[in-house]
Amino acid sequence: MKIIDPWGSTLPSDYTKIMKDFGLEQFSKNMFPKPNRAMRREVIFAGRDLKIISDCIKNKKPFYALTGIMPSNEQIHLGNKLVVENLRYFQDQGATVYILIADLESMVTRGITLEEAKKRALNFHVPAYIALGLDPKKTFFYFQSENIEVVKLGFEFAQKITLNEFKGLYGVAEPGRIMAAVTQAGDILFPQLKQKIPGIIPVGIDQDPHIRLTRDIVSRFKKYKFFAPSSLYNKFTPSLDGDLKMSKSKPEYAISLPEDLKTVKKKIMRALSGGRDTLEEHRKLGAIIEKDMCFELLKQHLIEDDEELQKIYEEYKSGRMLSGELKQLTYEKMEEFMNNFNQKLEKARKEINTLNFIKF
Ligand code: TRP
């Protein structure tokens, strides 16, 4: 079985296989009321223990949704956007949302000082997450390094994990990564110290080892009566050259948030296209949509309305729309999104003091 390393290198190429290997439930958009864009379009493809969450929603029972931010640099990516949109979705369905700054993790895995992590998080990551659409009134923030409850849980969990198990899950077992992983298990379960309610963790598939570790831990610390965390997985936003995942290692094919519009335009114009080689061929055969990275951006991120997307699909597929036209459209949508994001980011920066940071 393939190991997915949350800190690194190996990447899945076949989502169906991953689902089988890791025992994930297939996601279906009928599971939750009023599914969001990513849910409707199979960008969300799998989960764990989703029924318990859909029951909470149906029966208006309390639950939480949680994620962590690694303040490694002053940019985020489109994958973060998907996670925030899912958090917002659950927030609208009644969840309390927790967002933690993984400053201990970024120290031990990336060498970033706690001071630097704090500065970056307050100046950028936290406002950026608000700008992407969270309701600040229903969102609670904390720093790992300030949350003694999380640190204590992490130490306690470390008692019942073996090195071999860790290697099996992560492929590596470096001391720092072990510290980060037990801390993350502490993060995921922390809200339940106060109130025993189910929680859901929306993540990219690369974070699944953490989810599995946490679920194993829950079964080993029965005294806490924790609910095993549910999880929800989004596909990666592909690199604009068609590779599976946008990544910093190929910056010319990755769009970051924020990013200046001139650069964005260049990247979009360079993106892998599903257009045919000649105009004549294109008009005759139509585009190969599955190959087209701009269409993927529209689908995953930029067009909310299903009918609007469907129309573009038909125009492009039939060859009536040309790839240059699709690129131009994608750029315009991206421009609108970026401008909006920047505006909201500025506003959120000014309001940082009004946010709910948990006090310890
Ligand atoms: N490891 C996560 C990352 O790389 C950050 C993180 C820390 C996290 N604690 C978490 C994510 C709890 C989800 C839930 O980005």
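This is a predicted model: local features need pLDDT of at least 70, side-chain atom pairs count only at pLDDT 80 or more; totals for chains, interfaces and linings use all residues.
Colleague: How many helices and strands does the protein chain have?

Modeller: The secondary structure comprises 16 helices and ten strands.

Colleague: What does the radius of gyration say about the protein chain?

Modeller: The value is set against a rule for globules of a given length. Here the radius of gyration is 21 Å, close to the 21 Å that the rule gives for 360 residues, so the chain is as compact as a globular protein of that length. Its C-alpha trace spans about 70 × 45 × 45 Å along the principal axes.

Colleague: What share of the residues is buried?

Modeller: A residue counts as buried under 20% relative accessible area. In this chain, 52% of the 360 residues are buried.

Colleague: Which residues are around the ligand?

Modeller: Among them are Leu-66, Thr-67, Gly-68, Gln-184, Asp-187 and Ile-188. The shell divides into six nonpolar, four polar and two charged residues.

Colleague: Which side chains have a polar atom at a ligand nitrogen, and at what distance?

Modeller: A polar contact is a pair of N or O atoms within 3.5 Å. An N or O atom in the side chain of Gln-184 is 2.8 Å from a nitrogen atom of the ligand. For Asp-187, a polar side-chain atom also lies 2.8 Å from a ligand nitrogen, and for Gln-207 the distance is 3.2 Å.

Colleague: How much of the ligand's accessible area does the protein cover?

Modeller: On its own the ligand has 370 Å² of accessible area, and the protein covers 90% of that.

Colleague: Which elements give two or more residues to the shell?

Modeller: These are strand S3 (64–69) and helix H9 (175–189).

Methods:
Residues are numbered from 1 along each chain as its sequence is written. Side-chain values use heavy atoms; hydrogens and water are left out. A residue is near a molecule or strand if one of its heavy atoms lies within 4 Å of it. A polar contact is a pair of N or O atoms within 3.5 Å; within protein, one must be able to donate a hydrogen and the other to accept it, and residues adjacent in sequence count only if both atoms are side-chain atoms. Accessible areas come from the Shrake-Rupley method with a 1.4 Å probe; for residues, only the protein chains shown count as cover. Helices (H or I, at least four residues) and strands (E, at least two) are DSSP runs, numbered from the N terminus. Ala, Val, Leu, Ile, Met, Phe, Trp, Tyr, Cys and Pro count as nonpolar, Asp, Glu, Lys and Arg as charged, and the others, Gly among them, as polar. The radius of gyration is taken over C-alpha atoms; the globule rule is 2.2 Å times the number of residues to the power 0.38. Buried means under 20% relative accessible area, exposed over 50%, partly exposed in between (1.4 Å probe, protein chains only).
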